[in-house]
Amino acid sequence: MVIKSRENKVFKWAKELTETKKRKKEKKFLLEGFTFVKETLEKFPELIKCVIIGEGFTKSEKGKEFLNFLNKRNFPHYIFSSSLIKEISSTETPQGIIAVIKQPKYQDISSFLEKEPNIVILLEEIQEPSNVGAIIRVALAAGASAVFYTKGTADPYSLKSVRASAVAILHLPVVRIEETKEAITMLKEKGVQIIATVPKGGENLFKAEFNPKLAVILRNEARGVSEKAKNLADKLITIPMSKKLNL
């Protein structure tokens, strides 16, 4: 059966999950895209509440195979009309597949630090969702243990951020912290070197020496790392830029 009504309970629920407030309340978020949903079904099936498929996608060979995959494994799924799936999607041309995912549960920051992380990324008020997701993806690729983010940072569980993370958000703990100073203090107590990134005046990234355990602070795209973070950092780092760039 194809769901076409905007009054449908499943549609209303999925639509509400595009809002930060609802995601925080329910501890669930949306994941979009065939590749990402299929990977999550295979690696984290326990986190999936249901799968939503666009009517158009079900008519393709890939869609038919995917429906068969879902039916064989008895995964809850719903078919939405093309207009409804577009209302939920974060892209102009939706692939037609979205999953409702339970947010992974992590300990509070003090408990997490008992595991002595080797690399931590700390986000201060990064406001663009796609940037947050991209940083999470790069952090996973670089072998980071976790990403911490402060108030003022874009919700890492928004559709745009999750998509930019390329499912990295399910592989890497992403933990909200109340205040930068609190996090830095706890990290230092665990012997973690604090690195703040600055556009000018810091040590050359490619010449600096780092401890095995370190935390890198990244901040707001326009304003850079806060003065508080700079003052608490063990080292300020600058990425040298080619003179050919006019930045």
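Predicted model: local features only at pLDDT ≥ 70, side-chain atom pairs only at ≥ 80, totals over all residues.
**Entry 1: Met241**

I then asked which residues make up the nonpolar surface patch here.

**Entry 2: Aromatic pairs**

I next turned to the aromatic rings and noted 6 aromatic pairs in the structure. For Phe34 and Phe66, the ring centres lie 5.5 Å apart and the planes stand at 75°, so I recorded this pair as edge-to-face; planes over 60 degrees apart fall in that class. The two residues belong to distant parts of the chain, being 32 residues apart. Phe34 is in helix α3 (residues 34-43), while Phe66 is in helix α5 (residues 61-72). Are these two residues buried or exposed? I found both Phe34 and Phe66 to be buried.

Phe66 also pairs with Phe57: their ring centres are 6.5 Å apart with planes at 65°, so this pair too is edge-to-face. I noted Phe57 as buried, like Phe66.

**Entry 3: The cluster and a charge**

Which residues form the aromatic cluster that includes Phe66? I listed Phe34, Phe57, Phe66 and Phe69 as one cluster. Finally, I checked the ring of Phe69 and found the charged end of Lys38 sitting over it, 5.1 Å from the ring centre.

Notes
Residues numbered from 1 in each chain as written. Heavy atoms only, no water. Patch = residues over 30% accessible without salt bridge, like charges linked within 9 Å, V, L, I, M, F, W, Y side chains within 5 Å. Areas by Shrake-Rupley, 256 points an atom, 1.4 Å probe, with all protein chains shown as cover. Salt bridge = Lys/Arg side-chain N within 4 Å of Asp/Glu carboxyl O. Phe/Tyr/Trp six-rings, centres within 6.5 Å; stacked < 30°, edge-to-face > 60°. Helix = DSSP H or I, 4+ residues; strand = E, 2+ residues; numbered from the N terminus. Buried < 20%, exposed > 50% of the residue type's maximum accessible area, 1.4 Å probe, protein only. Lys NZ or Arg CZ within 6 Å of the ring centre and 35° of its normal.
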